[in-house]
Amino acid sequence: MKIQNITIIGAGTMGHGIAYSAAVSGFNATITDTSADRLKLAMLHIETALEKGVSRNKLTPDEAKATRERITTSSSLEDAAGTAQLVIEAVPENLELKQGIFRSLEEFTDSECILASNTSSLSITSIASAISNPERVIGLHFFNPVPAMKLVEVVWGKKTSQKTLNAATEFVAALNKTSITVKDSPGFASSRLGVILGLEAMRMLEQGVATAEDIDTAMELGYNHPIGPLKLTDLVGLDVRLAIADHLYATFGQDTYAAPQILRDYVKTGKLGKKSGKGFYKWD
């Protein structure tokens, strides 16, 4: 089955970023969400990104117009997924929620349609266990901001077929991104490494070792990281990082993955990073 129509479930930061990247690359992208307000906000973000693309000479006005025309929204999962050859779920990190969505997708999609999850830490095998043909389920873990980040982590579950894996990696290549193939394991490769660094940076901040800016600069200039771990956490979302850390700690039982109190306090008080305007940094 040739992939041309993509459905993205979830109109949040990752969802509209994936839709933008797919549409720019020539795919038809439909974003579906239960919230009409989130769908409207997603389209505003996409239109702003297209305007910036034109102003920075990354897109011509005609390319931006064509990209916008390839993106649609729908509040109906059944309508959005019915003609898709690839569905990418990008909802919060909750296994039961994702399994429920995949059960619905089994009913609404063609049996050849690839079902992907953008999860950054949950088991693809567990998500796929919700449906009768788990061979078509795979992980496509994008990074934020999706249009700018070149990596996609392709995660194959225990029953993912080679056909599904091949189609998924071809799709990533068509987005002009690089894929790495990772066995289904808690945290995969990227989250497992990234969370450890981020949590240690938070512990250093909590202990007064250095300021957030200086901790980040240490990694940016000392280790040539493009962005420091605390600023990256602000972009990812502190609530997302906490969910991943708690999942890995529950799985491995190692203190390395134990979330520091500063992270729990920030999430509890609504300091979630860029999306809330404040995290380890202040955002306009």
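**The loop and beyond**

Asn176 sits in the loop that links helix H7 (162–174) to strand S8 (178–183). Helices (H or I, at least four residues) and strands (E, at least two) are DSSP runs, numbered from the N terminus. The model is predicted, with local features requiring pLDDT of at least 70 and side-chain atom pairs pLDDT 80 or more, while totals for chains, interfaces and linings use all residues. Residues are numbered from 1 along each chain as its sequence is written, and side-chain values use heavy atoms, leaving out hydrogens and water.

Asn176 has a positive phi, near 65 degrees, and is not a glycine. As a rule, most residues other than glycine have a negative phi, and most peptide bonds are trans. With a relative accessible area of 56%, Asn176 is exposed. The cut-offs are under 20% relative accessible area for buried and over 50% for exposed, with partly exposed in between (1.4 Å probe, protein chains only).

Step back into H7. Val172 belongs to this helix. Its relative accessible area is 0%, so Val172 is buried. Val172 touches Leu140, Val152, Val154, Lys177, Thr178 and Ser179, leaving out residues up to four places away in sequence. Contact here means heavy atoms within 4.5 Å. Leu140 lies 32 residues from Val172 in sequence, yet their C-alpha atoms are 8.7 Å apart.

Phe171 has its own set of partners. Beyond four places in sequence, Phe171 is in contact with Ile3, Ile6, Phe27, Leu86, Ile88, Leu140 and Phe142. Phe171 is also among the residues with the most contacts inside the largest nonpolar core, which has 38 residues; the others listed are Ile6, Ile31, Leu86, Ile88, Leu140 and Phe142. Helix H1 (residues 13–24) gives the most to this core, with 6 residues. A nonpolar core is a set of buried Ala, Val, Leu, Ile, Met, Phe, Trp, Tyr and Cys residues joined through side-chain atoms within 4.5 Å. In soluble globular proteins, nonpolar side chains tend to be buried together.

Now the other loops. Pro145 is in the loop between strand S6 (137–142) and strand S7 (151–156). The peptide bond from Asn144 to Pro145 is cis, with omega near 0 degrees. Past S8, Phe188 occupies the loop between S8 and H8. Phe188 is another non-glycine residue with positive phi, near 55 degrees.

Thr67 takes us to helix H3. At 2% relative accessible area, Thr67 is buried. Leaving out residues up to four places away in sequence, Thr67 touches Tyr20, Ala23, Val24 and Leu50. Thr67 and Phe27 are 40 residues apart in sequence, and 8.7 Å apart from C-alpha to C-alpha.

Helix H9 (residues 212–222) has four named buried positions: Ala212, Ile215, Asp216 and Met219. Viewed down the H9 axis, they fall within an arc of 95 degrees, so they line one face of the helix. That arc is taken over the directions from the helix axis to the C-beta atoms. The buried residues of H9 pack against helix H8 (190–206) and helix H10 (229–236). On the face turned away from the buried side, H9 carries the exposed residues Leu221 and Gly222. Asn224 follows H9, with a positive phi near 60 degrees.

H8 also meets helix H12 (residues 261–268): their axes come within 8 Å and cross at roughly 90 degrees. H8 is therefore roughly perpendicular to H12. Leu199, Met202, Leu205 and Glu206 of H8 make the contact with Gln261, Ile262 and Leu263 of H12. These residues divide into 5 nonpolar, 1 polar and 1 charged. In this count Ala, Val, Leu, Ile, Met, Phe, Trp, Tyr, Cys and Pro are nonpolar, Asp, Glu, Lys and Arg are charged, and the others, Gly among them, are polar.

H10 packs with helix H11 (residues 238–252) at about 100 degrees, with axes 6 Å apart. H10 is therefore roughly perpendicular to H11. Axes are lines fitted to C-alpha atoms, for helices over the stretch in contact, and angles run from 0 to 180 degrees between N-to-C directions. Angles under 35 degrees count as roughly parallel, over 145 as roughly antiparallel, 65 to 115 as roughly perpendicular, and the rest as oblique. Pro229, Leu232, Thr233, Asp234 and Val236 in H10 meet Leu238, Val240 and Arg241 in H11. The contact of H10 with H11 divides into 5 nonpolar, 1 polar and 2 charged residues.
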